[in-house]
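Me: I am new to this structure and would like to know what stands behind the labels put on its parts. Please take me through some of them.

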Amino acid sequence: MSERSRTSIGRIWRRGLIVWVLLLAFLALSLFAAYAAPASWAAPINFGIAATQAALVALLLMRLDRADALVRLAAACGLFWLAILFALTLTDTLSRLANS
Amino acid sequence: MSGASSDASTLANPRELDLGLPVSYLAEGRSVASWLFTTDHKRIAILYALSITFFFFIGGAAATLVRLELFTPEGNIVGADTYNKLFSLHGIVMVWFFLIPSIPTTMGNFLLPLMIGARDLAFPKLNLISWYLNMAGGLLTLAAVLAGGIDTGWTFYVPYSTVFSNTFVTLAVLGVFVSGFSTIATGVNFIATVHYLRAPGMTWFRLPLFVWAMYTTSLIFVLATPVLALTLVLVIAERTFNLPIFDPARGGDPILFQHLFWFYSHPAVYIMILPAMGVISEVITCYARRRIFGYSFMVYALVAIAVIGFFTWGHHMFTSGMSPFAALVFSFLSFIVAVPSAIKVFNWTATLYRGQIGFESPMLYALGFLGLFTMGGLTGLFLASVPIDVHVQDTYFVVAHFHYIMVGASVSAYFAGLHFWWPKVTGRMYPESWARFAALLMFFGFNLTFFPQFIAGYLGMPRRYYTYPPEFQVWNVLSSSGAAVLAVAYLMPLGYLTWSLFFGGRALNDPWNATGLEWRTTSPPPRQNFFGNPQVLAPPYDYHPEATPPGDEPRIAEKGALT
Amino acid sequence: MSAGGDLIEKTAERHLREPWDELGLAGDRAFAYQRAGATFGIWIFIASEVLFFGALFLLYTAMRLEHAADFAIAARETNIVYGTLNTALLLTSGLCAAIASQASEQKGLQRLTLWCLGATVLLGLAFMAVKGVEYREDIEKHLLPGASFALKEPTTQLFFGFYWLATSIHAIHLSIGIALVVRLIWKEWREPGFLFESPQVEVAMLYWGFVDMIWIVLYPMLYLDGRAG
């Protein structure tokens, strides 16, 4: 039993540490991009990196990768309704800005 | 029965006794603590029923004063400030502490586990917590009223609510915020219950439509309420902590508030109407002795209304300064949501076709719902088209429209369900003739109150003023007289239903010969809901099939058992 | 470790709650079912929270679209050292939370679970401490919107309105997360073996992961804008 638990400890840690290193690397990358990238590029890069980091956390730390279909559906619903909120509100905001 | 005692431990009909049945949920513990710390979904439903009845009459009292004031064109009874506080109180209490919790938290709580053959909701403690959150929210809002009131209207529009109003906005907003957690908790609970605790054989397309209605309502609870919660936090932050957010004087965008507010508050209308549709589907099938016409389309329509309802909020904002392009998009999307609503009305009507229709009181309320919902829905189409909306925006036309949906339809359905399941919940029968009279009175009182408002509004009478030009008086006198009738009609059930608790005859387990698992247990059910594990063998509404004429079959059919 | 045979025997019953215990399933299947239900429940709540913070992010998006230049000026004033440090702290706490959650499901890993929960709490508290120091510095720099605000461009105040609001809402969520984890540790201390297979560990850790994700999105909004050039 201790044999098994030792291997499972190893597996849990290895997997977690890889994700952690990736997350910190992305953090460093976004910090670098914020200063080095041209101003118009910085925001898309930084939010792209943030989205990637959030996806890593959701998939590998919160284990959406091995979750039930139902759980994934719940997460997808959150994002879908978020898209409704953003799309329709920005329809107004952007068309008002374009006309002003 | 001669037994005038309130002893609820003896069950149902004497014929059905002597089976060694467990005591009913009502008899399991009589102390106050056994109610306040219960995790039984049925008892929590009763707690909710008591609290929403309390809030209903508070909101009703405010409406009574509003209608009294509007009897004459001059301000005779209250001044402008008090009038503003009265309609705000009426709106806030009725929307958040009566209509939104009304059917889901009472009938939904009570019936959802029973209808799917479960012992309780998935998270019983969370269910109790949600009642306490609801009470806390309600009491905070009432505290705002006692402290001096709030005059923003139920919509809390900025910058008035955050910069200008001198009333107790923060307290009231905090109350609504807290009650939002209560509805989210209920939504999480219902969704998990429907997914995980259905009895064997209870497949998704065997669910009663009431369960589908609860499920789709819960989706809205969970996905819309958080946006309102954040919006209210923003109001509190701007008002209390003086952070610049919406104030146009400091660069903010007040239209953004309206987007966020209506992202919740338009789907909130569907929170009120979807459960009503669920109740109506149960009642109409039972009293027409008919299978529901087009079950799967009824399901798709519920889901479609819940989802499309999220795409239409902008039709509340056509005159807000929103861009005309966005107004066009929202107008188009608003027309689309009429399609599933129409499907439902047609299918209920088709269910009645060749049915053996009985005019018992729940059915009278349900038929009233059909008419009033159709009226409210059709006038909604007027308001979805931009030119007409601009003409009648902020007039009594809008007031009449949303009262037809939210009061005419939703409250009729609430009373239909209340009468339909009263024997199951309490184990007592109410006096049927009184109930029928109240149902008819409510229908006529409602139309007398609100139909004149369509005309006054179309002629240009604005809402939210305590005085008005004398030419509108005839419509307002009609409306206020109707309100008096309506008030009597609402008070009557309070009287005879309370009477029935003590003096009503004992109810049979299935007094209406309805199908559905909730009728397959005692009235009132035991704590564990069922004896043994229920199994579902047939689709719901096992009355006469659509194509066959009922012929001479007895109205009290022998079949209909699901278990 | 203390995960003896009798403990394993008891586990399913110990965590099984009404109404899941009356489904007519065998003990371990009923428990797996209850666990799946709890996970699903917290995920529905997370979907709900996505909309809560989504509305906040929409506020930022709309305001930034309307006042892009002022937002860049204002974002330059936040302290990027504290911000980046806090991001690293939270990412690390997320790692500990995830490991605690997975370790709690395995036999014989109670001590690892407990240590990781402890580390999660400490990292969370460290985040709050850094945030407190940062808040004090912000106040000293007159970055609180109002009459004595440091920047002269008018809508820079909108940015800082968002800054204070978003960070405090996040801090409230994080405090709830810390309280949840402390409660788990306390439960384990009162009743050793509690953490093993407890659905509450996974639920609390999923919530923690979500609060992490919110900060990941807030970081570029609050700290990285307007740094270039």
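Me: What makes A:Arg15 and A:Asp65 a salt bridge?
Reply: In this predicted model, the closest N and O atoms of A:Arg15 and A:Asp65 are 2.6 Å apart. The cut-off is 4 Å between a side-chain nitrogen of Lys or Arg and a carboxyl oxygen of Asp or Glu, so the pair counts as a salt bridge.

Me: Which parts does the pair A:Arg15 and A:Asp65 tie together?
Reply: A:Arg15 lies in helix H1 of chain A, while A:Asp65 lies in the loop between H2 and H3 of chain A, so the pair links parts that are 50 residues apart in sequence.

Me: Why is A:Arg15 called partly exposed?
Reply: Its relative accessibility is 32%. Buried means under 20% and exposed means over 50%, so A:Arg15 falls in between. A:Asp65, at 31%, is partly exposed as well.

Me: Why is C:Lys152 called exposed?
Reply: C:Lys152 has a relative accessible area of 74%, and the label requires over 50%, so C:Lys152 is exposed. C:Lys152 also forms a salt bridge with C:Glu153, the closest N and O atoms being 4.0 Å apart.

Me: Where do A:Arg96 and A:Asp92 lie?
Reply: Both lie in helix H3 of chain A, 4 residues apart, about one turn of the helix.

Me: Which residue of chain B meets A:Arg96 in a salt bridge?
Reply: B:Asp253 does, at 3.3 Å from N to O. The count between chain B and chain A is 1 salt bridge.

Me: How much area do chain B and chain A bury between them?
Reply: They bury about 1,600 Å², 78% of it on carbon and sulfur atoms. The contact takes 22 residues from chain B and 14 residues from chain A.

Me: How much area do chain A and chain C bury between them?
Reply: The figure is about 4,300 Å², with 79% of it on carbon and sulfur atoms. Chain A gives 47 residues to the contact and chain C gives 53 residues.

Me: What makes C:Glu105 and A:Arg66 a salt bridge?
Reply: Their closest N and O atoms are 3.5 Å apart, within the cut-off of 4 Å, so the pair qualifies. H1 (2-36), H2 (39-61) and H3 (69-99) of chain A are the elements that give two or more residues to the side of chain A that touches chain C. H1(A) provides the largest share, 16 residues.

Me: Why is A:Ser30 called buried?
Reply: A:Ser30 has a relative accessible area of 2%, and the limit is under 20%, so A:Ser30 is buried. A:Ser30 lies in helix H1 of chain A. Leaving aside neighbours within four places in sequence, A:Ser30 is in contact with A:Asn46, A:Ile49, C:Tyr219 and C:Leu224.

Me: What about B:Thr193, buried or exposed?
Reply: B:Thr193 is at 0% relative accessibility, so B:Thr193 counts as buried. B:Thr193 lies in helix H6 (residues 169-196) of chain B. Among the residues that B:Thr193 touches are B:Leu112, B:Asp120 and B:Arg198.

How values were computed:
Residues numbered from 1 in each chain as written. Chains lettered and ligands numbered in written order. Predicted model: local features only at pLDDT ≥ 70, side-chain atom pairs only at ≥ 80, totals over all residues. Heavy atoms only, no water. Buried < 20%, exposed > 50% of the residue type's maximum accessible area, 1.4 Å probe, protein only. Contact = heavy atoms within 4.5 Å. Buried area = accessible area lost by both parts, 1.4 Å probe.
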